[in-house]
Amino acid sequence: MVREGGFPPGTGAMLGRTALIPSSLSHYVKRPERRSKPGSVHKDDKEKNSRDNEPGDAAMRKLYLGVDVGSVSTNLVLMDGSGTVVADVYLLTRGRPIQAIQEGIRLLAAQGWDDAQVAGAGTTGSGRLLAGVIVGADVIKNEITAHAVAALEMVPDVRTVLEIGGQDSKIIIIRDGVVVDFAMNTVCAAGTGSFLDRQAARLNIPIEEFGALALKSNSPVRIAGRCAVFAESDMIHKQQVGYPVEDIVRGLCEALVRNYLNNVAKGKEILPPVVFQGGVACNVGMKRAFEEALGVEVMVPPYATVMGAIGAAILAKEATGATGRTRFRGFQVASVRYDTESFECEHCPNGCEIVCIKMEGQLLARWGSRCGRWDTVPEEQPVRREASG
Amino acid sequence: MKVTFPHMGYLWIPVSALLRKLGLDVVVPPPITRRTLSLGVQHAPEFACFPLKLNLGNFMEAYERGADTIIMAGGVGPCRFGYYAQVQQEILWDLGYKMKMVVLEPPKGHWWGLWKRIRWLIGERSVRDLWRALGFAWHKFVALDAIERAACWARPRAAAPRDVRRAVETAVRWVHEAETADQVREAREEGVSLVRSHAVRSLRDPLKVGIVGEIYTLLEPFANYRLEEKLGALGVEVDRSLYLSDWIRAHVVLDALRVSGEHEVKQAAQPYAPHFVGGHGQDTVGRTVLYARHGFDGVIQVMPFTCMPEIVAQSILPRVAHDYGIAVLTLIVDEHSADAGIQTRLEAFVDLLRRRRSKKKHDAVARAQAGK
């Protein structure tokens with residue numbers, strides 16, 4: 001694993017604690033469309049690429065594709081063998097993961113990466129199995145491992161990873177470069193990205209200004225953060241009695257951090273360096289609230305929103321390292337026709353809904369039964385040596 | 001009178017054998033499915049635990065098949081299970097299900113009351129008949145546990161997880177169909193070797209995970225989302241801390257004789273949970289310590305949402321994990337749990353164990369080299 005020189009200059013990506021904080025801020029300020037314009041690739045990626053990562057240069061380099069299909073967003077990255085991210089795409093999943101994956105691949109191709117040599121592909125996130133079948137993945141990994149691997153790449157001595165995504169939040173405890181403990185939210189989704197989105201929309205504040213607004217507050221209002229529903233009614237109450245919006249927003253960030261620390265991080269020993277990643281890490285108000293609650297500096301790495309995909313790309317590199325072979329189907333997957341069908345199995349009263357994934361009318365994979373009756377393991381595809389687009 | 005009882009893993013096989021030997025008309029509830037769960041969830045209080053809801057569903061489905069009498073276990077101590085029979089009875093009556101509930105409390109309660117109920121159930125049968133039937137059921141308990149143990153061993157070594165599942169289904173059917181003690185023994189031997197025959201890969205040193213926690217979620221695969229099969233498919237050799245026969249041996253037989261069968265477990269739990277906290281809370285702590293001492297890579301605690309004894313244990317386990325350097329994962333299950341979420345946590349846990357182990361090996365090599 002490459003530990004340094006991970007990112008091209010100009011993206012503000014430097015390793016080390018002091019460099020990361022301002023870079024993360026500038027990263028956030030520079031690319032607000034990351035969260036605001038779902039479905040669009042960041043326009044300034046092209047700028048960045050034109051400086052350091054011309055697709056043309058990379059044509060001869062081996063690249064690794066990482067795909068993270070989450071509940072809310074679908075992220076793709078292309079990483080070279082030295083760990084440099086050469087392209088990244090952030091899209092909203094919108095309940096249509098296959099389309100989101102294809103759109104992501106199409107956007108990478110449109111940037112000129114389609115004749116790059118992809119030496120490995122990895123998928124992660126709740127849609128990892130589907131994504132793995134669609135793109136032809138060499139490794140399909142859970143998001144906890146993927147996030148830990150990516151955090152270790154960015155900050156090799158990291159000891160705590162806080163990750164808050166669209167619908168789940170997790171804490172990963174790392175000691176001496178190895179994950180020793182983790183937890184995910186189980187029965188409560190308060191404090192995740194979806195809830196923040198909703199509150200921002202309700203207050204009519206663009207989500208990307210939400211965090212900055214919290215920083216303007218000098219006296220946060222205490223909001224009940226145990227449950228998203230109660231937090232919302234408490235916020236409305238505080239609004240109605242006349243507290244300024246920024247104080248409420250900051251109070252909300254603090255409440256969510258409290259909730260996270262009491263529920264997800266309960267009983268875990270949080271030691272610095274602390275890395276904060278996932279979509280919510282872009283929220284400077286949340287970052288500040290974590291720093292105040294923990295009393296330590298919290299780092300938001302560059303590419304904080306696509307860390308899962310970066311982890312998947314790193315794992316793809318590890319998985320293909322020994323053989324030099326990949327199952328990646330190539331960039332044409334963007335234009336292949338995928339269909340899904342489902343039916344209810346009538347074998348027992350479980351009534352499992354079986355899903356079939358078809359590529360150009362041919363059955364690719366089938367799953368969804370509790371008993372394994374219908375499951376077909378994706379057929380071993382003929383492995384091509386050094387497949388490229 | 002048509003008798004039914006709740007499901008818990010393969011409990012139905014020995015229990016139905018026992019009741020049939022006693023000449024009772026038995027209605028085994030259909031296997032737990034999503035329908036069972038929806039029936040239970042619809043009519044049970046929301047914050048009652050998962051087992052109550054599933055059992056209520058069992059009773060309702062058994063009623064549809066003609067059952068009119070329920071044999072239900074009771075309990076003593078802080079676990080809410082102690083009054084579940086009464087709660088379920090009330091719910092069923094409110095719904096107009098005309099079912100009689102016979103509650104068998106463990107012998108710690110009142111001997112006389114227990115005997116009166118058993119007498120009522122077995123009617124004219126003699127004590128000797130009862131004793132014989134119990135012995136026959138006991139053989140089945142032992143046989144089923146042996147098959148389940150063989151499955152835990154075979155799963156990580158099998159070519160496909162489905163093979164083992166099918167073999168277990170077949171072996172369990174043999175045990176169910178056995179009519180005499182000799183046939184049960186035969187079914188056990190053949191069943192175990194059938195299951196073990198699917199271990200086609202040799203593993204030198206597989207990851208080992210112990211499973212602890214609340215008894216119902218430990219024993220009922222529907223309630224724990226087929227935890228053992230999932231781990232087996234990930235290449236892990238599982239050791240379950242509690243099997244039906246162990247539990248009966250330790251709690252029903254030995255406790256009744258005022259001998260504690262789980263001395264070692266209680267001893268191990270002593271520094272962390274010095275006294276009974278209800279249910280299997282203390283056992284969970286003690287067993288985790290024992291797994292750590294036996295060199296297991298990790299322990300998974302499984303419990304239903306809102307289970308008080310296991311919540312006590314959960315808050316103690318981080319200390320055990322810290323003191324012994326063993327990884328512990330807690331899984332809380334109820335009708336809102338999702339298969340995908342459990343799968344993700346298990347995969348991550350297994351990754352964690354693999355990386356920990358390779359690091360340990362690496363460190364040992366480094367130490368050896370430094371020592372030279």
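What follows is a short chat about salt bridges and nonpolar cores in a predicted model.

Visitor: Hi! What should I know about the model before we start?

Guide: This is a predicted model, where local features need pLDDT of at least 70, side-chain atom pairs count only at pLDDT 80 or more, and totals for chains, interfaces and linings use all residues. Residues are numbered from 1 along each chain as its sequence is written, chains are lettered from A and ligands numbered from 1 in the order in which they are written, and side-chain values use heavy atoms, with hydrogens and water left out.

Visitor: Which residue of chain A does Lys359(B) meet in a salt bridge?

Guide: That's Asp176(A), at 3.9 Å, N to O. The pair crosses between chains: Lys359(B) sits in helix H15 (residues 339–371) of chain B, and Asp176(A) in the loop between strand E7 (169–175) and strand E8 (178–184) of chain A. Helices (H or I, at least four residues) and strands (E, at least two) are DSSP runs, numbered from the N terminus.

Visitor: Is Asp176(A) buried or exposed?

Guide: Exposed, with a relative accessible area of 65%. Buried means under 20% relative accessible area, exposed over 50%, and partly exposed in between (1.4 Å probe, protein chains only).

Visitor: What about Lys266(B), which residue does its side chain meet in a salt bridge?

Guide: Its partner is Asp283(B), at 3.4 Å, N to O. Lys266(B) is partly exposed at 27%, while Asp283(B) is buried at 7% relative accessibility.

Visitor: Which residues do shared partners join into one network?

Guide: Glu148(B), Arg155(B), Glu228(B) and Arg240(B) are joined that way by salt bridges.

Visitor: Switching topic: how many residues does the largest nonpolar core have?

Guide: It has 83, and Ile310(A), Leu231(B) and Ile300(B) have the most contacts inside it. A nonpolar core is a set of buried Ala, Val, Leu, Ile, Met, Phe, Trp, Tyr and Cys residues joined through side-chain atoms within 4.5 Å.

Visitor: And which helix gives the largest share of this core?

Guide: Helix H7 (residues 143–154) of chain A, with 8 residues.

Key. Salt bridge = Lys/Arg side-chain N within 4 Å of Asp/Glu carboxyl O.
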